Amino acid sequence: MEPIRAPSFGETFRFWLKLGFISFGGPAGQIAIMQTELVERRRWISQSRFLHALNFCMFLPGPEAQQLAIYIGWLLHKTWGGIVAGALFVIPSMFVLWGLSFVYAAYGNVPWIAAIFYGLKPAVFAIVAFAVLRIGRKALRNPILWAIAAVSFAGIFFLKVPFPIIILGAGIIGFIGGKLAPAVFSSGEGHGPLPGDRELSVLDDEGEAPEHAKPSVSRAVRLCIIWGLLWWAPILALGFWRGWDHTLFQEGLFFAKAAMVTFGGAYAVLPYVAQQAVEHYHWLAPGQMMDGLGLAETTPGPLIMVLQFVGFMGGWSRPMGLSPLFAATLGAFITTWATFVPCFLWIFLGGPRIERLRWNKSITSTLSTVTAAVVGVILNLAVWFGLHVLFPEGKAIDWFALAVGVVAFFGMLKFKWNVVPVVLGSGGAGLIYQLIAH
């Protein structure tokens, strides 16, 4: 096997920038792209370390895919690597969603933009389905783990069991199973290579944690102070400037609090945010919330970027002494800042401890079952997204969406198509189809 050269900071910068523009499909799609690009194509991180990091991010509040990018960027190039990875994951979608939010607020829906998104949706579904297949093959190494993935999917899809309960339950099963049947739960776990299955990677299975990834109490204290100040300073500044009852301060305060309790990703937090934003604060109407979710689903970046749309519309509808566009822009910024800045704190603070646990045999069985449960959760996202794409608003099947999705899926599976041409081609196909159909 050829040795793998560690990427330069510039190489990783260019990759994270590209990812920020092509990371469609919410958390499942983004995890799919990182699995394909970082584990399989570039081999910057091994499969086992990728899953180890993903499991940790699943336990955290906030957008797990962005946190996974921060974690990998941090391992590769220390703190600045994590900052660049996490920031570029969000910044392109910030500007795209700001532009779409302005067009929506000022002019309503624009047909040609909707046509491009119409083509993108089935491609995103194909990317997510492809991810489930690839990650499932790697992580589910025995019938027990397959069963846990199936139960996880059934629990969250049919029974609406809360995400944290599913992950906690899987962890408990793995911990007990590792004690009672270590041969089943440990030898088949997803955090070490199977015999003959090992591939060289920059961040390899046998590699020790880099020096900057080793725990330090003094470093942890500094992180809490620095990132805590960064997180809250703009929010408090808005309060001093415009008053504590102003829309902008209320948005910053609400979303900062939400960032600490939003376990389970965007799909878990959106019902709570929608209820508060629509019914309590009256920042936007119920129909506008659904439109915002549609915009966020079909733009790059985390699905939880819909919160930026909420912040924009809140400032637009209740500017309180400012121009609507200026208030909306500040509302979008402070909402995004309050939501995503704490993600860096969680990773930089917890990452060193999690790196130490890679060699802790007592938790490998726990993490293996969590990995299996995560596969079930990603499958749930794929099915949820697929139903909305193929059967829009509960209507009959959309044959164009089905055709685009099938072509994109088999193109990636059989012909190794890259994500970029799949996304661009599907968006173009949607625009052409809508022009011809109408």
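**View 1. K78 sits in helix α4 of this predicted model.** Have a look at the backbone here: K78 has a positive phi of about 60°, although this residue is not a glycine. Is K78 buried or exposed? K78 is exposed, with a relative accessible area of 52%; that value is over the 50% cut-off for the exposed class.

**View 2. M320 lies in the loop between α13 and α14.** Helix α13 covers residues 306-317, and helix α14 covers 324-356.

**View 3. F348 is surrounded by residues from elsewhere in the sequence.** Which residues does F348 touch, once those up to four places away in sequence are set aside? The partners are I70, W74, T79, G82, I83, R219, L223 and W227. F348 also belongs to the largest nonpolar core, where it is among the residues with the most contacts.

**View 4. The largest nonpolar core brings together 132 residues.** Alongside F348, the residues with the most contacts inside this core are W16, I31, M34, F50, L68 and L284. Which helix gives the most to this core? Helix α4, residues 64-107, does so, with 18 residues. This is the helix that also holds K78 from the opening view.

**View 5. The chain as a whole is built with 17 helices and zero strands.** A compact globule of 438 residues would have a radius of gyration near 22 Å, and the chain agrees because its own value is 22 Å. Buried residues make up 56% of the chain. Among contacts with a separation of 6 or more, 78% join residues 24 or more positions apart.

**View 6. The surface of the chain exposes about 18,700 Å².** Carbon and sulfur atoms supply 70% of that area.

Notes
Residues are numbered from 1 along each chain as its sequence is written. This is a predicted model: local features need pLDDT of at least 70, side-chain atom pairs count only at pLDDT 80 or more; totals for chains, interfaces and linings use all residues. Side-chain values use heavy atoms; hydrogens and water are left out. A nonpolar core is a set of buried Ala, Val, Leu, Ile, Met, Phe, Trp, Tyr and Cys residues joined through side-chain atoms within 4.5 Å. Buried means under 20% relative accessible area, exposed over 50%, partly exposed in between (1.4 Å probe, protein chains only). Helices (H or I, at least four residues) and strands (E, at least two) are DSSP runs, numbered from the N terminus. Contact means heavy atoms within 4.5 Å. The radius of gyration is taken over C-alpha atoms; the globule rule is 2.2 Å times the number of residues to the power 0.38. Accessible areas come from the Shrake-Rupley method with a 1.4 Å probe; for residues, only the protein chains shown count as cover.
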